[in-house]
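Please open the model in your viewer and keep the selection panel at hand. The stops below are given in the order in which they can be selected.

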Amino acid sequence: MPIVNGLKVPVRATDEEMRHIHIDPIPDEQKPEVALQHLDEMRKKFRSFVLAMESCIKCGACAENCHTYLGTRDPNNIPTNRAELIRKIYRRYFTLEGRWFGKLVGAEDINLDIIEQWYSYFYQCNECRRCAMVCPMGIDTCEVTFIGRQILHWLGIVPKLHAHVGAAMEKVGNHTGLPKPGIVDTLEFLAEEIMDEFGVEVEFPVDKPDSDILYIPSSADFLLNPYTLMGAGMFFTYIGANWTIPSTVTEAGNFGLLFDQQFTQRHNVTRLLDAAQKLGVKKIVWGECGHGWRAAKMYIPTLADRPVRWPIVHLHDEVAYYIKTNQLKLDPTKNSRPTTLHDPCNYGRACGLIQQLRDVITAVTTDFREMTPNREKNFCCGGGSAILFDDPEMYELRIKFSQTKADQVRATGVGANGDGVLCAPCSICKAQLYPMVEEHKLGVEVKGLIDLVGRALVWK
């Protein structure tokens, strides 16, 4: 992570890498003017953005509710101050008092240094939306940083990680660049692993025509979280589902939501709905990914270029239904270690996927302990919105961002004997929590929720 004018900024994509995601970078001397043009477009398009720009009363309620500020104590990570980085530009060019009195009313001229501040601090925001819950004016600072990231994208300023992921999504439909032969080979290997460990025969169908269920896994499940994909396969096999995985959309996540809405549309709409239509499915079931589920549930209906004829549900909704209707025989003693649950931000604060997680985890474990706070009030893992940079300085920030989450986990006592389980039903949360539990010495193992379901199933 380089330091520019004293600011920590993510390693950015090169001009050539930006062209791979359909952006010709704007020359530096033109960036301020072009940024201002896009800012004008955004204020005319989104009333909520205007609300955020004009209604903040600087009460500070958001400060102690922001884990990035709590972890870094950097004043610019207080949500209202982070929004102020763009608000002072808005005030200068789009309000009478800003045009007349300038700095006397907190207005500033736009320049390259300001744009660099946007890049630094808008990519230190995890987009968790916890600040919105406590704002007396109803301001969602997440929308401000999303708009800031979108403008930065149009300028040609995107982290290398996000650009690489975007290019891979464009090419093969998943974050990791895994082609169909690699997908099939990995699934065959996981089927063998299930037989060896659980003694159960599971088939992972790929591109199977006339399937009832189209299952969208996270590509991380092919590499980092194999038990999540194995658990899903065991669940679908157990209920006798006619299901398939589309080779063109092996990605529950959607980085487009995190830096450019056109990527959201191309992945969630074009690829997904094309696959559903081609394979003749009846239902789309989403895998473990928080921001990906938000993109699917909230954005597909508004971005779709055609009628969405398929119900789109989350895997944990499906599992919770089968548990409530007594269609799963489960042995919770197979998950007897002390277990706590991390509520992914986009499940709880964006999609209402809260009680379903508890219906599942209490059915498959014997020693479940809630964090405090929990549900929609839970704190972010510190890696939300794919702030998963590995360069040393950003990695250090990631661990600082996770301090509040680490304190939550430690307070449950699940890791006191070094044998606890931290259940994280989201692939980005898992990617953040794997190093977090080591750095903070929490004595827990990170597991997905469907991992625990697969282990608890009792086969006839």
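**A buried arginine and its network**

Begin by selecting Arg-91, which is buried, with a relative accessible area of 14%; here buried means under 20% relative accessible area, exposed means over 50%, and partly exposed lies in between, with a 1.4 Å probe and protein chains only. This is a predicted model, in which local features need pLDDT of at least 70 and side-chain atom pairs count only at pLDDT 80 or more, while totals for chains, interfaces and linings use all residues. Residues are numbered from 1 along each chain as its sequence is written, and side-chain values use heavy atoms, with hydrogens and water left out.

Arg-91 belongs to helix α5 (residues 79-94); helices (H or I, at least four residues) and strands (E, at least two) are DSSP runs numbered from the N terminus. Show next the residues that Arg-91 touches, not counting those up to four places away in sequence: Lys-58, Glu-84, Gly-98, Arg-99, Val-105, Gly-106 and Ala-107, where contact means heavy atoms within 4.5 Å. Within this set, turn to Gly-106, whose backbone oxygen lies 2.9 Å from a polar atom of the Arg-91 side chain.

**Salt bridges**

Side chains of opposite charge can pair when their charged atoms come close. A salt bridge is counted where a side-chain nitrogen of Lys or Arg is within 4 Å of a carboxyl oxygen of Asp or Glu, and a search of the whole structure finds 31 of them.

Select Arg-455 and Glu-197, a salt-bridged pair whose closest N and O atoms are 3.3 Å apart. This pair links distant parts of the chain, with Arg-455 in helix α22 (residues 449-456) and Glu-197 in helix α11 (residues 180-198), 258 residues apart. Arg-455 is partly exposed at 26% relative accessible area, and Glu-197 is also partly exposed, at 36%.

Move on to Arg-337 and Glu-445, whose side chains meet in a salt bridge (2.9 Å, N to O). Arg-337 lies in the loop between α16 (315-324) and β7 (339-341) and Glu-445 in strand β10, so the pair ties together parts that are 108 residues apart in sequence. Their relative accessible areas of 31% for Arg-337 and 34% for Glu-445 place each of them in the partly exposed class.

A further pair to select is Arg-369 and Asp-367, where the side chains form a salt bridge (3.0 Å, N to O). Salt bridges that share partners also join Lys-58, Glu-84, Arg-87 and Arg-91 into one network, which brings the view back to the arginine in helix α5.

**A nonpolar patch**

Which residues make the nonpolar surface patch of about 590 Å²? Select Leu-96, Trp-100, Phe-101, Leu-104 and Val-105 to display it. Patches are made of residues with over 30% relative accessible area and no salt bridge, like charges being joined within 9 Å and nonpolar side chains (Val, Leu, Ile, Met, Phe, Trp, Tyr) within 5 Å; accessible areas come from the Shrake-Rupley method with a 1.4 Å probe, and for residues only the protein chains shown count as cover. Phe-101, in helix α6 (residues 96-101), counts as partly exposed at 46% relative accessibility.

**Backbone details in loops**

Finally, inspect the backbone at Pro-373, in the loop between β8 (368-369) and α19 (392-401), where the peptide bond from Thr-372 is cis, with omega near -10°. Lys-441, in the loop between α21 (427-439) and β10 (444-447), has phi near 50°, a positive value in a residue other than glycine, and counts as exposed at 70% relative accessibility.

Definitions and conventions
Polar contact = N/O pair within 3.5 Å; in protein donor to acceptor, adjacent residues only side chain to side chain.
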